Amino acid sequence: MPDASVSAVDGAPTGAAAWWRRVRELPLLPIAIILVVLVIPAIFAESLAPHNPYSGNLRARLQPPAFLGGPSEFWLGTDHQGRDMLSRIIFGSRIAIAVAGAGILIGGFIGTALGLMAGYFRGVTETVVTRLVDVTLSIPAILVALVVAAAIGARFSAVVAIVALVLWAVYARQVRAESLKWAQSDFVARARVAGASHFRIIVRHILPNIANTLIVLSTLQVGFVIVFEGSLSFLGVGIPRPNPAWGLMVADGRIHVVSAWWIAFFPGLAIMLTVLSFNMLGDWLRDRLDPKLTQV
Amino acid sequence: MLRYLTKRVGQTIFTLFAVTLIVFSLGRLTGDPATVLMPVEARQEDRARIMQHWGLDQPLHIQYVRYIGNVLRGEFGESLQWPGRDALELVLLRIGNTLELGLAALLFAVAVAVPIGVFSAVYKNSFIDHAGKFIALLGQSLPHFWIGIVFIWIFAVNLRWLPTSGRGTWAHLIMPAVVIGWFQVAALMRLIRSAMLEALDSEYIKLARLKGVRERVVIWKHALRNAAIVPLTYFGIMIAYLVVGSITTEVVFSWPGVGLLVVNAVTARDFPVVQAVTIVFAFVIVLANLIVDVLYGVLDPRIRFE
Amino acid sequence: MPTTAAVQPHSRDRDPPAEVILDVKDLRTYLFTKRALVKAVDGVSFYLRRGETLGIVGESGSGKSITALSLLRMEPKPAGRIVAGEVWFQGEDLLRKSPAEMRRIRGRRISMILQDPQTSLNPVFTIGNQLTEAFTTARQGISRARLPQVVVEVLRKVNIADPERRVSTYPHQLSGGMKQRVVGAIAISCSPDIVIADEPTTSLDLTIQAQYLRLIRQLQETSGVGIIFITHDFGIVAKMCDRVAVMYAGKIVEHGPVRAIFNHPSHPYTQALIHSVPKLEERTERLYSIPGQPPAPGEALVGCRFAKRCEFADDRCRQEYPPVFAGRSGHQEHTADCWRLEDPTWRPSLR
């Protein structure tokens, strides 16, 4: 039976106790995984990686991980070119961060700007933006990626551009809906009466109100971008070889799955853990900051 | 209903034009189209043939009109990888295999997601609800291409229950269909759960119970019939995901479908085939969306009689 | 409003009293919510005679709807639970029945009309379909071939014009009044002994409301069904009911024949409710409304629930719930829960 009595408000703790309580409320596991798998390796790759991620020793090809009886110097084994898997995964985190960061920044900026304009100015701007959003979202980005790769080959810049191309529409749709609501609020009306410029109203009055939405949306998009980049790289239309992109490493491991499963397994595990953590973090943030945002 | 239909058909045509425009521009605006369209080692007469076929000597807007004409006639030119084979023909030859895989994945997704979604709404906050949430989270975090390889390692290499790759028997279909469908289970389940929760909370469900209708009938007929309308709108998006999923999954399992074809074509710089696949896929997705919207009208009488 | 202007309760109190078909004793339905325990129905007793109309009247939140749903064991799940009481119907306690037995009573022996016709019909099935289901669920032994005809007949009974054509329409194609008639048709389809009508006219406009009330009375006269009429409107009570139970914060504070209560309201709350009914003949400047707010859900309740808003309340009222006193009309069925009735000369009157 649920507690029938209305519980008394706890005595508010002070100082370190309050701080500790706030920390305890954070989703610690996802944050820890993100730090260990993604952030720390990316920052300290040079000092953490035991081997060179690009050049291997052909005589040490397809060595199993140390814990499965392989040479002790290769913790996670080696790939078909004798390169250390652990070192490649560590350096691969940089690629994941770079693509996700650049893609979300560019796509998010364009999408937010257009979404704000559509929601604030309405009329033709809104019609054009929403129609473009519909079209963009109805074409799978992977098809565009294939056409681009066929036209100009696999490139880092192309991957970022395609990520941005998908994301702008996601941002624009969400931001338009939000700014539409705020544009009709009293304080925007007051600012207008006070003679504020359109730009000022949008940036100073509407944008701060949708900041929470943007934070939640961006967190939830990180997972999508990492899987998407991984898929493109896996297909050979994303990050070019010999970069240690996680998706590429899974592709390298595919043909060796019978004899050396670890080549495909560990990079994919890194993707899964990172994405799972960001999705959990995003869900947590959504519940905290923006419970209305359900459609992503 | 008629106005709704006309509007949707109009939007569909607009989207298809946008697709052709994107593919066209990507083919033209990334430097010299001839070099883009041709492998570096192409012979001079091939180059001339392509130039003429696509009218590359004409101004851009005329090229685009000609391009649209070619697309409408289904002329994407000859494959460069397999000279003498029409690009569209290659696509149509394999699209059946891809549809087979997509349909199996769809069936798997629906068969798993509907019961879990319904039960997690009926028994809210129970074990099945929490398990369902976890499956959803996991499903949306697992990369297709990786889970496919993990499946091969477990079920084909170690357990030897299923064939590693290729197409042929029912057994060949299981792993790729589950891999593609898995991702859909997550999203579909969440939608059905929330739609069911809303339906079960409604007055008409109360009235059905007051009529003495059995709980089983209340849930699976009265509530689900209403709740099914919402996830149906998602089917259009779902088909897009199935297409996307089929590309990586076909590569993982060497499934001889359009996805494998297009990835090979990209590697071989076979632009006509890539274009044909892109346009055909775009048509499939956009038309599927249109059909879903019409179906939506049929299922929901409030729209049907608008 | 096409009126039978003066309040003219169609009382049958001169006839010999018919047998009691529903006897509710000390019913308690509590809502166990996360924040608090809400005693939505807190020891309610009443009875219904065959062919009689009992009004349960009170403000929203007084627990009258939950009382009605509890009779059919449809208390709002998962928070709501019937924690005590007896509901005697045809010699059996409904609170002791299995869910399957309960299902056979719902719709067949006791049916219910819900408040909002806009949402109480399933939007994706035709009204014919939903009516047919009422018959097939109840296993009335009607052959499949005769079903369409039976459905049309019941639609005709609730005055739906052109019923042959209406069976194939969807709820959204009908007006609110028509929808509520269909809901009524579903309720009477299996000739139940009791129909519970939960504010059936609240969402209808006034003309339609009057028509619907007339329909209910007409149906009752032809079928002899017992009706529990739940409303917040004392004007409707006056027109429709034989007896009335006034509910406040989960308790019945006054109970008795309509005429007795109208002429001699004995609980200050009843007095205030009657006073707040707009009268056509009097051109009052402002409608009277009861000062204050009903207790919030979960509020700890000690003493008389109405004490806070009552101008006659004293310390005892605030500390101890009053026992049942005879009402001021002197009618043997007229009772009220108010300490002031200790004084035989006291009458509630608004100053």
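Two strands pair if DSSP finds at least two bridges between them. Keep that in mind for the first stop. The model on your screen is predicted.

**Stop 1: a sheet in chain C**

Select residues 80-89 of chain C, which form strand β4. Which residue stands opposite D93(C)? Click on W88(C): that is the residue facing D93(C) of β5(C).

Now widen the selection to the whole sheet. It is open and has 4 strands, in the order β2-β1-β4-β5 (chain C), with antiparallel pairing. Strands of a sheet pair through backbone hydrogen bonds, either parallel or antiparallel.

**Stop 2: the whole of chain C**

Look at the contacts between residues at least 6 apart in sequence: 67% of them join residues at least 24 apart.

**Stop 3: where chain B meets chain C**

Show chains B and C together. Here 19 residues of chain B are in contact with 26 residues of chain C. On the chain B side, colour α9 (203-210), α10 (215-227) and α14 (301-304), the elements that give two or more residues each. The largest share, 7 residues, comes from α9(B). By class, this side of chain B has 7 nonpolar, 4 polar and 8 charged residues.

**Stop 4: where chain A meets chain B**

The contact joins 37 residues of chain A to 42 residues of chain B. On the chain A side, colour α5 (123-138), α6 (141-152), α9 (198-235), α10 (246-254) and α11 (262-289); each gives two or more residues. Which of them gives the most? It is α6(A), with 10 residues. This side of chain A divides into 28 nonpolar, 8 polar and 1 charged.

**Stop 5: two domains in chain B**

The domain assignment gives domain 1 (2-72) and domain 2 (90-304). Their centres, taken over C-alpha atoms, are separated by 32 Å. The contact between the domains takes 15 residues from domain 1 and 13 residues from domain 2. On the domain 1 side, α1 (2-28) and α2 (33-37) of chain B give two or more residues each. The largest share, 11 residues, comes from α1(B). That side has 10 nonpolar, 4 polar and 1 charged residues.

**Stop 6: the largest nonpolar core**

In soluble globular proteins, nonpolar side chains tend to be buried together. The largest nonpolar core here has 268 residues. Pick out L146(A) and V262(B), which touch the most other members. Then select helix α8 (residues 170-200) of chain B, which gives the most to this core, with 18 residues. Why does the core lie between domain 1 and domain 2 of chain B? Both domains give residues to this core, so it lies between them.

Finish by zooming in on V262(B). Leaving out residues up to four places away in sequence, V262(B) touches L146(A), I247(B), V273(B), V274(B) and V277(B).

Technical notes:
Residues numbered from 1 in each chain as written. Chains lettered and ligands numbered in written order. Predicted model: local features only at pLDDT ≥ 70, side-chain atom pairs only at ≥ 80, totals over all residues. Contact = placed C-beta atoms within 7 Å. Nonpolar A, V, L, I, M, F, W, Y, C, P; charged D, E, K, R; others polar. Core = buried A, V, L, I, M, F, W, Y, C linked by C-beta atoms within 7 Å. Buried ≥ 20, exposed ≤ 12 C-beta atoms within 10 Å, placed from the backbone. Domains from an automatic or database assignment.
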